[in-house]
Amino acid sequence: MKHIDNNGRRSRAVVANGAVYLGGQVANDWDGDITAQTRETLARIDAVLKEAGSSRDKLVQATIWLKTMDDYDAMNAVWDAWIDKERAPARMCGVTEMADERIRIEIIGIATC
């Protein structure tokens, strides 16, 4: 088992049994709009998956949390440009209260190695 970016409370990802389990990924700049935050979040996912020996085309499941469904269409525009449409993961999208009011999106996922 491999823990990526473990700080004693959480890991950004855990690699176990041929799978990469992503912890919640958010943008670095919480002051950006949903388009900017979605792009940054997906870039962080790309980086973590690469470090884990995987990639976005191996993503099998994604859970997307939004601050508000008002951001749904703009988030999907970025998501649709990022994802491989032939290998789209199982996905759900919902609304939740974020850890900081400036965070507009958080994504959790599972990928194969």
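The largest pocket holds about 170 Å³ of space. Here a pocket is an open set of points on a 1 Å grid over the protein atoms alone, where a 1.4 Å probe fits and protein lies on both sides within 12 Å along at least five of seven lines. The volume is the space filled by probe spheres set on the points, with grid points joined across faces, edges and corners. Keep in mind that this is a predicted model, where local features need pLDDT of at least 70 and side-chain atom pairs count only at pLDDT 80 or more, while totals for chains, interfaces and linings use all residues. Residues are numbered from 1 along each chain as its sequence is written, and side-chain values use heavy atoms, with hydrogens and water left out.

**The pocket lining**

- Which residues line the largest pocket? They are Arg10, Ser11, Arg12, Gly23, Gly24, Val26, Arg44, Ala99, Ile103 and Glu106; a lining residue has an atom within 4 Å of a point.
- That lining divides into three nonpolar, three polar and four charged residues. Nonpolar covers Ala, Val, Leu, Ile, Met, Phe, Trp, Tyr, Cys and Pro, charged covers Asp, Glu, Lys and Arg, and the others, Gly among them, are polar.
- Gly23, one of the lining residues, sits in strand 3. Strands (E, at least two residues) and helices (H or I, at least four) are DSSP runs, numbered from the N terminus.
- With 23% relative accessibility, Gly23 counts as partly exposed, because that label covers values between buried (under 20% relative accessible area) and exposed (over 50%), using a 1.4 Å probe and protein chains only.
- Leaving out neighbours within four places in sequence, Gly23 is in contact (heavy atoms within 4.5 Å) with Ser11, Arg12, Ala13, Ile107 and Ile108.
- From Gly23 to Thr38 is 15 residues in sequence and 16 Å in space, C-alpha to C-alpha.

**Where helix 1 meets helix 2**

- Helix 1 (residues 34–51) and helix 2 pack at an angle of about 35°, and their axes are 8 Å apart. The axes are lines fitted to C-alpha atoms over the stretch in contact, and angles run from 0 to 180 degrees between N-to-C directions.
- On the helix 1 side, the contact is made by Ile34, Thr35, Thr38, Arg39, Leu42, Ile45 and Asp46, and helix 2 brings Ala74, Met75, Val78, Trp79 and Trp82.
- Sorted by type, the residues of this contact come out as eight nonpolar, two polar and two charged.
- The crossing of helix 1 and helix 2 is right-handed, meaning that the near helix is turned clockwise from the far one by less than a right angle.

- Val78 has its place in helix 2 (residues 72–82). Is Val78 buried or exposed? Val78 counts as buried, at 9% relative accessibility.
- Beyond residues up to four places away in sequence, Val78 touches Thr35, Thr38, Arg39 and Leu42.
- Val78 and Leu59 are 19 residues apart in sequence, and their C-alpha atoms are 16 Å apart in space.
- Thr38, in helix 1, is buried, with a relative accessible area of 1%. Setting aside residues up to four places away in sequence, Thr38 touches Met75, Val78 and Ile105.
- Thr41 also lies in helix 1, and at 0% relative accessibility Thr41 counts as buried.
- Not counting residues up to four places away in sequence, Thr41 touches Gln25, Val26, Ala27, Ile105 and Ile107.

- Asp5 is in the loop between strand 1 (2–4) and strand 2 (13–16). Asp5 has a positive phi of about 55°, although Asp5 is not a glycine.
- Asp5 is partly exposed, with a relative accessible area of 41%. Apart from residues up to four places away in sequence, Asp5 touches Arg10, Ser11 and Arg12.
- Along the chain, Asp5 and Glu86 are 81 residues apart, and 30 Å separates their C-alpha atoms.
- Asn17 is in the loop between strand 2 and strand 3 (19–25). Phi of Asn17 is positive too, near 50°, and Asn17 counts as exposed at 83% relative accessibility.
- Met1 is in the segment before strand 1 and is exposed, with a relative accessible area of 77%.
- Leaving aside neighbours within four places in sequence, Met1 is in contact with Val14, Val15 and Ala16.
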